[in-house]
Amino acid sequence: MDWQVYIVQCADETFYTGITNNVPSRVDTHNAGKGAKYTKNRLPVLLVYQENVDDKSHALKREREIKKLSRLQKSNLINGMNLTTT
């Protein structure tokens, strides 16, 4: 089973990071108001990033890593920039 880590941008311009094995379906679920509690009041969401990982365990680890990033670092990741900030 293929797993992905994804980032959606919410209507309030915040980012939500999650994991799934079916990104299009998961984004549809978020936009139907049935996704994560965080996104329910921030609709619609727009997929801005996805990354393939080996398995669910790696997906969970990568999700935690991304959630720890600053907004600037997440924006850089989304834009394909590999910059670090100090």
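# Exercises on a predicted fold

I66 has a relative accessibility of 0% and therefore counts as buried (buried is under 20% relative accessible area, exposed over 50%, partly exposed in between, with a 1.4 Å probe and protein chains only). The model is predicted: local features need pLDDT of at least 70 and side-chain atom pairs count only at pLDDT 80 or more, while totals for chains, interfaces and linings use all residues. Residues are numbered from 1 along each chain as its sequence is written, and side-chain values use heavy atoms, with hydrogens and water left out.

## Exercise 1. The surroundings of I66

Task: State in which helix I66 is found, and list the residues in contact with I66 beyond four places in sequence.

Solution. 
- Step 1. I66 belongs to helix α3 (helices are DSSP runs of H or I with at least four residues, strands are runs of E with at least two, and both are numbered from the N terminus).
- Step 2. Neighbours within four places in sequence aside, the contacts of I66 are V5, I7, T17, Y49, E51, K74 and L77 (contact means heavy atoms within 4.5 Å).
- Step 3. For a distance along the chain, take Y6: I66 and Y6 are 60 residues apart in sequence, and their C-alpha atoms are 9.6 Å apart.

## Exercise 2. The order of the elements

Solution. 
- Step 1. The C-alpha trace spans about 35 × 30 × 20 Å along its principal axes.
- Step 2. Of the 86 residues, 34% are buried.
- Step 3. Among contacts between residues at least 6 apart in sequence, 51% join residues at least 24 apart.

## Exercise 3. V8, V27 and V45

Task: Work out where V8 and V27 lie and how far the C-alpha atom of each is from that of V45.

Solution. 
- Step 1. V8 lies in strand β1 and is buried, at a relative accessible area of 0%.
- Step 2. V27 lies in helix α1, residues 23-31, and is buried as well, at 11%.
- Step 3. From V8 to V45 the C-alpha separation is 5.8 Å, across 37 residues of sequence.
- Step 4. From V27 to V45 the C-alpha separation is 7.3 Å, across 18 residues.
- Step 5. Residues up to four places away not counted, V27 touches V8, V45 and L47.
- Step 6. With the neighbours within four places again left aside, V8 has contacts that include V27, V45 and L47, and also T14, F15 and Y16.

## Exercise 4. The buried sides of α1 and α4

Task: Which residues of α1 are buried, and which of α4?

Solution. 
- Step 1. In α1 the buried residues are V23, V27 and H30. They cover an arc of only 55° around the axis, so they sit on the same side of α1 (the arc is that of the directions from the helix axis to the C-beta atoms).
- Step 2. An α-helix has 3.6 residues a turn, so residues three or four places apart point the same way.
- Step 3. The buried residues of α1 pack against β1, β2, α2 (37-40) and β3, whereas exposed P24 and D28 are on the face turned away from the buried side.
- Step 4. In α4 (residues 71-78) the buried residues are K74, N76 and L77. Their arc is only 160°, which puts them on the same side of α4.
- Step 5. The cover over the buried residues of α4 includes β1 (3-9), β2 (15-20), β3 (46-53) and α3 (56-67).

## Exercise 5. Backbone angles in the loops

Task: Find the loops that hold E13 and P44, and give the phi of E13 and the omega of the bond from L43 to P44.

Solution. 
- Step 1. Most residues other than glycine have a negative phi, and most peptide bonds are trans.
- Step 2. E13, in the loop between β1 and β2, has a positive phi near 70°. At 52% relative accessibility, E13 is exposed.
- Step 3. P44 is in the loop between α2 and β3, and the peptide bond from L43 to P44 is cis, with omega near -5°.
- Step 4. Just after α4, G80 also has a positive phi, about 80°.
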